[in-house]
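Here's a quick briefing to read alongside the coordinates.

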Amino acid sequence: MQLNRSNFLRSLIQPEPGKPAISNGLRAALALGVPMLIGQLINQRESGLFVGLMAYFVNLANVGGPYQIKAKAMVAATLGMAVSVFVGTLVAKISALSVVLTFLWGLASGFASMYGNAGANVGLVVGVSFISTIAQPGNLEVALMRSLLCLIAGGWAMLLSLVMWPFRPYDPLRLALAGCFSAIAKYIQAFLSKVTTPENILEIRQALETARTILGTARIGKPARSWMDEQLLVLIQDGDRLLGSVIALTELLETHFQQQQYHAVQQLVDDALEQISVVVQAIAKVISCKPASIDLGNLNRIYEALKEQESLQRKAIAGSETDYTTLVAFTNLVLMIEKLIKQLQYTAQTAKSLVEHNKMSRRDIDKLLVVEDEQRSLLSLLKDNLTLDSAIFRHALRISVTLTVGVILYSITNLPMGYWVTLTSILVLKPNLGATFQRFFQRVGGTILGAVLAAVVVATITSKTVLDIIILLTVFFGISLISVNYGYSVIFLSIFVLLIIDIGNPIGWQFAGFRVLNTLIGAGLAFASHYFILPNRERDRLPSQLAIALRECHKYFQDVMAVYQGTKEHDSTIISQRRQTGLAIGNAQASFQGLLREPQMSKELVEPVMTLLVYMGRFTNSVTVLAVHLEHFRGTVPLPELETFVRQVSLMLEQLADSIQLEITPPPLPGLEETLQKIQPHLQALRTARIKELAVNQGHTPVRQAVIDYSILDLEIDQIVRRLTAMHSAMERLISTK
């Protein structure tokens, strides 16, 4: 069964989470409006309009983030635009040369995405400048004048965006993230007031999902990562982990420490939770750029008091197995608070780095993505991507071929405003088929409606002043609504374009029709290129991405468990492997998101793939808990049956990876439950031995260390089994849909 039409139509017209980018719209209107006004005042209307349009394009290269990145991107866009306009003006009359250079410019535009989001936007600006100019020939004097105006436009755009009105595209995501952390603080307060409800957790989950969706929306069409994206993504992950730790802590309190004799413990933990709430709320304020001080001093003092209370509890133990079990729970509680303090320290560091625009220092634990800051030469990057295995190369080739075909087509047929064929192609064409498919319909639908409205406006309004105001308003709404829905944006930008054309050549219904026709041709070429030029469908790519993620999970699990088995020392390779695992899961999630936008995507795939991805993440979380506990692990006593457990889990992960890659049903689950039942008596024996030992020795002994070593393992291996069982079930459902 395919995704039904109503769902597809809804995906085209429904707004994305978040608010319109009002400030971006005002900035774009100002960038265009000021040169237009100056042009009118000095009787150079066309030059003023040209500078305004070029300034508008340079502003597209401003992707936000650190000031240095913004400045470099806008300078590169200005210089690239000036060169493109100069060359395009001179070669416009030489058809064969125009075709060859269009191919080369398209290739360069696509390859620019090697340098991240900024590079991709600069490539778009350079490509748009060239294909627009080759439709407007001129002599050397005209070419030089246009290039000079481009430099003026770039200077004005940089003055506006970098000095007068800094661009902050991440404000909506900052506010959403601040809402996540505020919701966590609110949940803690509700727990302390004993008024928690399932809605509290749901509110946090929804806030996290909203933040993820906003970040995902902002990254649509961006083929590479950016520093700011990574910091915000880490904060989203931190919020999720922080929520899990807080829930685990509150559950442990409710389960083990409700008796009256633990009143002192309850009071200390309540005080700790109160301070955690204060710190989390302060982090929320810092993320949203509000003044706040993040101070963990009180929380650290409460933690020290809890450790002292644990020591007193250990001395006062009665010697029964029940008391010792509670003592172990108390020890885990102290460890959880210690972990929470570390999480808060790391999260505070990341939040502060957003404000200070400094690179986040390397973490010892819990980083989601691999961040490589090595300086690579242009030649090295180009060499790495000159292969058909490179998604960037395939995308660049599609752009160049599509633009070349478009130029040949409108040159042969003499289509009026034919350059809109190539402009539409470069704007619609995205690295994956799903995004291109969606933009195809949004572009066509928005253009048709915009062309009709523009023709009505021109036919009914004759005042140039009123038309100029409408032009600025359409730019404002067009840019403001890009983050809400691309189709909405296209409606206003189509009106803007046709009104701009009308300034020099009055348009009518005929020109509006040509605008629609050229858009249909350009969008059709872009869509066809994904089918016939090195197809890159996510439905073909997703199985291998899932298999890679599963194998990285396996490596991460093996690295951590090798330390528990005593076959490996605790070293930095575990941190590195954790980053690799997070990257692999992130790639699989990105591939799945692309698949959701592809035509003829079977909806039966959605649930099992989502389940598999979710539980891969949770499996990784469990392994991370074990990895964090290695700081306290000494490996004094080997744990029998642990080797069997590790071997079974490893075998299962490899079988799941083979299953998705080869599209075969996974073998039945190994006897994980039976192995757990064999491990439990050994853990129980350690606790019993420690109870007997307490009568004569309450100090630190090998038996006590063994209990510390395996206390977290005792809790987490059960979670690992549950999550693997869910992954196995999801894989069975996924294969059955093939």
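**Surface and overall make-up**

The chain exposes about 32200 Å² of accessible surface, and 60% of that belongs to carbon and sulfur atoms. Keep in mind that this is a predicted model. On the secondary-structure side, you get 26 helices and zero strands.

**Packing across the chain**

- Of the chain's 738 residues, 54% count as buried.
- Take the contacts between residues at least 6 apart in sequence: 81% of them join residues at least 24 apart.

**The nonpolar patch**

- V75, L79, M145, L148, L151 and I152 make a nonpolar surface patch of about 520 Å².
- Two helices, α4 (67-91) and α7 (140-164), each supply at least two of the patch residues.
- The biggest giver is α7, with four residues.

- Helix α5 (residues 95-111) has 17 residues, which at 1.5 Å a residue should span 24 Å; the end C-alpha atoms are 24 Å apart, so the two agree.
- Buried residues in α5 include S98, L101, T102, W105 and G106, and the list also takes in L107, S109, G110 and F111.
- Helix α6 (residues 116-133) passes the same kind of check: its 18 residues should span 26 Å at 1.5 Å a residue, and its end C-alpha atoms are 26 Å apart.
- Since 16 of the 18 residues of α6 are buried, this helix is largely enclosed by the rest of the structure.

**Salt bridges**

- The structure holds three salt bridges.
- One of them pairs the side chains of R551 and E654, at 3.4 Å from N to O. R551 belongs to helix α21 (residues 538-564) and E654 to helix α24 (residues 642-662), so this pair ties together parts that are 103 residues apart in sequence.
- R551 also forms a salt bridge with D658, where the closest N and O atoms are 2.5 Å apart. With D658 in helix α24 and R551 in helix α21, the pair ties together parts that are 107 residues apart in sequence.
- On accessibility, R551 is partly exposed at 24%, E654 is partly exposed at 26%, and D658 is partly exposed at 31%.
- Another bridge joins the side chains of K555 and E552, at 3.6 Å from N to O. These two are three residues apart in helix α21, so about one helical turn separates K555 from E552.
- K555 is partly exposed at 41% relative accessibility, whereas E552 is buried at 13%.
- Salt bridges with shared partners join R551, E654 and D658 into one network.

**Cysteines**

- How many disulfides does a search of the whole structure find? The search comes back with zero.
- C150 is buried, with a relative accessibility of 0%.
- C553 is buried too, with a relative accessible area of 0%.

**Y187**

- Y187 is in helix α8 (residues 171-192).
- Is Y187 buried or exposed? Y187 counts as buried, with a relative accessible area of 8%.
- Y187 and E203 are 16 residues apart in sequence, and their C-alpha atoms are 9.2 Å apart in space.

Note on methods:
Residues are numbered from 1 along each chain as its sequence is written. This is a predicted model: local features need pLDDT of at least 70, side-chain atom pairs count only at pLDDT 80 or more; totals for chains, interfaces and linings use all residues. Side-chain values use heavy atoms; hydrogens and water are left out. Patches are made of residues with over 30% relative accessible area and no salt bridge: like charges are joined within 9 Å, nonpolar side chains (Val, Leu, Ile, Met, Phe, Trp, Tyr) within 5 Å. Accessible areas come from the Shrake-Rupley method with a 1.4 Å probe; for residues, only the protein chains shown count as cover. A salt bridge is a side-chain nitrogen of Lys or Arg within 4 Å of a carboxyl oxygen of Asp or Glu. Buried means under 20% relative accessible area, exposed over 50%, partly exposed in between (1.4 Å probe, protein chains only). Contact means heavy atoms within 4.5 Å. A disulfide is a pair of cysteine sulfur atoms within 2.5 Å. The expected span of a helix is 1.5 Å times one less than its number of residues.
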